[in-house]
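Hello,

Here is the structure I promised to pass on. Please open it first, then read my notes below.

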Amino acid sequence: MATHDKEPTGKLELSRRDFLKAGAAAAVVGAAGADLVFTPSRANAADVAATYVTTCPYCSAQCGQLVDVDASGNVLDVYGDPNSPTNRGGLCAKGAGSYQLVTNPRRLGVPEHTAAVDGFDFTGRAWKRIGNGAWTEMSLDTAMSEIATQLVSIRGTVTPGSTAASNAKTVQFFGSSHLNNEANYLYRKIIANFGTSLVEHQARI
Amino acid sequence: MTNSWVDLDHSTLFVVQGANPAENHPASIGHVNLARFDAYGRGRNAGLIVIDPRQTRTARLTGVPYVASNPNDQRKHDRYVRIRPGTNIAFTNGVMKAIIDWMYANPTDQKSINFFAWHNTASGVNAGSFARTFIDDGGTTRTLGTTQLGGAEYSFDGGTTWVTAPLSTGWPKYCDSRVKVAAPGTDYQRATLRVPDGSGGYWTFSNMLVFASDINDPDCVFQKLRTHLSPYDKATVADICGCTQDDIEAVAQAFIENSRFASSDFGAATATPTAAGYRATVMMYAMGATQFTTGSQAVRTYAILQTMMGNMGRIGGGIDALRGIHNVQGSTDMGVLFDLIPAYSGNPGVGKAYVDYSNELFGNRVVGTGARDAYNPSQLGLQQRGFYNMTVEWFGERKSVNSRYSSTDFEKLYACWPKGNGFQHTEAFRRMDPDWVATNGGAQIKAAVVWGQNPAVTEPHQSAVRKGLESLDLLVVVDMFATETAQCKRKSDGVTYLLPACSHVEEAGSVTNSGRWIQWRDRARAPKGNSKSDLELLLRFAKALHAAGAFSHIESQWSTMTSPPSGNAWQVLYAKYGWNGTDAFESLTGTDAEGVTMYGSEVVAENIFKEMASPLDGNNGDSTANAGTIWIYSGTGSISAYNADTGDVQPTIGASWGAWGKRNRAKSRKGAPEYAHTSMQYPRYGWAWLLNRRVFYNNSEVPGDVSDVFVAPGIMARLFVLNTNTLADWSLLYRAYNTLSDKPDRGISYPSNPGGSTPHYLPGRFPAYCEPFESPRPDLVSRFGYNTANGSALIMSDTPRGTVADYPLVLTTIRCVEHFQGGPITRNNPWNHEAEPEPWIEINSVDALKYGIKDGDYVNVITARSNSTTQEEGRSTAPSGWAKGFKARVGVGTLANQRVAPGVVAIPWHWGERGLSIGSRANDLTIDAWDANTRIPEYKVCLCRIEKA
């Protein structure tokens, strides 16, 4: 049903016991060989309009996951892909919980967010604050425009050169292993185009 | 990983040293168990050895019953070995010494016979009949096989006199154990090699390596390694590590019995990984090996040990880095680091002209005799060609093959690359602090863009990080949650922006796992609410930067070109990815190579993947398809479709698209177990760089395979590394040698003074043990020293360092299955929060009694970095409020807790003060000393004291 992924206690909710069982199975494996146990989707088959293939957002085993979505685009469950040679449908405590990452009401920009979560209602499109003051909501394009103007101002002039091009040292970028390859590639390109090699991310952590 | 997650099915011994996969990579344990409990009915069972300061959940999998009457039941080697944090190198060096000693002590044992035959290149064992290809002094590519090697000669005086080169038995197939080391120990011995050209003349190769006739030569790499290991006798190592001498001997025996030399297919042309008598050891490691000032050398000990035992390039063998975040392999491939651009090319250096830079990349000689044309992509190879293509795609306009840029115009594009490196992250946060810059000089960082990271939890020595973040004029955070970084304390006029990213199921794209498998993610729905995909946010960011004039320097370059790109920077450099800057992003549509309709981020991701992963020489005149920029992701062959050539699969397993799966090979999902027990392993499930190889360094062992380009010199694995950048321009594919910077501060006296105060011999070239930067053993510091990077300090001078007198306990940081890294994507989930609601502290029952601590008591853990007696604003240990150090409950049955040794304290590092699940931040305590090569911080060991709260 359409409201499902807005309701943390919806009827299709993965039960806490199932979740803990999945975590325990992964963490305290037994002496029998079969620990890659497929747990099928909790979604009602009749509600599933499409099933998509993705990979788990946590560790670098990158287990295969399937995503059941209803006709309105609501995510009904995220569960292990039995076709994946890596995990054969099994997921650990984190992976089994990634459904809640998708449907989480604490996410920025989702309509379920409330001021009770972070002391501010982050249901908008972009936010800004001065010092430690209150956040103010703004449009994404306005935020991008302000950010870009300030970054260029702080960066100053860039001078290309075949052996001694300038390398702006006043703006530091941090990327992420949580981004897909294409996003990382695009991010790294923007940084090079911006005129700096000041970039780091979690691979060095 | 040199191998892959599913390849664990074939191992006969797992050595886990510095990882806890049962909690942090749980899927791997399924494969470990398949091998241990013989799910395939091969009649053999794999052993498990866990070497770790902590008796982890992985360690508790050791010690299962085994069948003593079955010689193929390797579970008899099961063992948990406890070592002191930071002593991996000492332990592994001790194991290597024990192995070599055993080989010499048991010369009639078949395993010893095999060991020496393999290292000596005995015919049929390590030689093979294959030839090697080099570039001669005239710049011509020459293949040297049996005929040429029969007449090979060296000259050590520039060509005046010639002596027979001991190469008639063939090239050493795998490693450099037989190569001679020059007297100073800084390089291999070099000479001019000449071989008969078959028509009365010679081909000559200057600067070639000198091979010994066997590994008994005192100058060869093997004997140098043996000498280097001499100080690591069992008594010394047991004292350093806090383990027993039996531990070292038992692990050495397990390696000997699970190496190539004990395997039933030793010397055979083809590996037989399903045979009961097959043997292969895999070493698994993670941050427990790397997060030290000697981390990269620790990993090198593993590489040397595994190479020496013939376990590299083997099904079920290898060294497997269990990397952290799901796409950390991909983000590293994309060069999101201060010293890299994508595909492992370094930043073009200051003073480095394009041709000189290109000449050092994998590829062809473009400087000197017989050089190719650096401005003609068809004359470039691999990494060079990818870099050429990337320069065009990043700073210019895509060209069809037949209308490339002139050299003058290409130089205008190369000039746009920023020259030189950025700052490692520890220094970057210091450089945000004006007071630090005033003292230390150099650049002042005034703005930071933090895209998908939470450094306010994950950076070491947080009080320095907090000061840096606070001082920024501008801070931009892009995340799914309002993280500690987004809500950090800021100066009064500092501006912070926060932008909402979406979840992993709402954005399409490829990700690369630890086994180098590239897998596609579908977009299951549009990003929820007002959240956006990273691709949309990035393109909007690029568009805004363009509008603000950020790319005007590139457009200025274009204005000086003879044949400039047509359009402005936004149009040329970004609109080509499929979004015009005005349409609703999620309403974009397109079709993929199979005719499937794509939406939103799928369209852009597909276009970028195509730019990255098309064949390097691939557009074949088709102006809509480009030549690939990421050479490790690219296929080869001139075809108009992208990423679509099956000819590079080793061996070829089918040419038709139906057989393959999808033209975008990351989308292929053929999960049936075809080829599952060969080196190919699910070749149509995703695609693995390099060349779809699932087992790396598989050096022509498998029929139809080719040699790995990463193996060097002259296509050969190295036990020895150089400390200078040497251009191997005689080698067909390998250009510049990698170097390592480690240099202990205690000097070198061994072997001229054996037993002397400084036991180091060729450190850096071979791994040398050093103490952690906060050590509980001053006596060992005075003998082994601390590590340096060729003399440069590995810590900021202003970082407080404690001594064992004030901080008598060793602190290590750990992780748990329920939470992830800096925490925002698990600490906000109710289930994860319920399963593991707060951090805890692990201490040994001996220390608990000593300090009067009972299970469930609150305890403060304090280091020299967290010893403030006044509340430090911006730091919190909610829900208990501000506390000195790290405050949490002591858990898991203190009175019987032997999970850590006496004198060791372990704390998890996932928590901070924002989110649903909150708690003390481990990185308030950790030290920001860094590794000499990778510059990863020494998160895993420092000194602390504890107080009952």
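**Confidence first**

Chain A has a mean pLDDT of 86, and 83% of its residues reach 70 or more. Keep in mind that this is a predicted model. Two stretches of chain A call for care. Residues 1–17 of chain A have pLDDT below 50, with 23 contacts in the model beyond near neighbours in sequence. Residues 19–34 of chain A are also below 50, and that stretch has 40 such contacts beyond near neighbours in sequence. Where pLDDT is low, the predicted coordinates should not be read in detail.

Strand 4 of chain A (residues 126–130) runs antiparallel to strand 16 of chain B (residues 495–500), and four bridges join them. Look for Lys128(A), which stands opposite Tyr497(B) in strand 16 of chain B.

**Domains of chain B**

Chain B divides into three parts. Domain 1 covers 6–119 + 230–330, domain 2 covers 132–226, and domain 3 covers 809–948. Between domain 1 and domain 2 of chain B, the C-alpha centres are 33 Å apart.

**The barrel in chain B**

Which strands close into a barrel, and in what order? Six strands of chain B do, in the order 22-26-23-25-24-27, with mixed pairing. From one strand to the next, the twist averages 45°.

Start with strand 24 of chain B (residues 858–862). Strand 24 is mostly covered, with four of its five residues buried. Here are its two partners in turn:

- Strand 25 of chain B (residues 886–890) runs antiparallel to strand 24, with four bridges. Within this pair, Val859(B) has Ala888(B) as its bridge partner.
- Strand 27 of chain B (residues 942–948) is also antiparallel to strand 24, again through four bridges. Here Asn860(B) stands opposite Glu947(B).

Ile843(B) stands opposite Val905(B) in strand 26.

Over to you.

Best wishes

Conventions
Residues numbered from 1 in each chain as written. Chains lettered and ligands numbered in written order. Predicted model: local features only at pLDDT ≥ 70, side-chain atom pairs only at ≥ 80, totals over all residues. Domains from an automatic or database assignment. Pairing = 2+ DSSP bridges. Helix = DSSP H or I, 4+ residues; strand = E, 2+ residues; numbered from the N terminus. Axes fitted to C-alpha atoms, helices over the stretch in contact; angles between N-to-C directions. pLDDT = per-residue confidence, 0-100. Contact = placed C-beta atoms within 7 Å. Buried ≥ 20, exposed ≤ 12 C-beta atoms within 10 Å, placed from the backbone.
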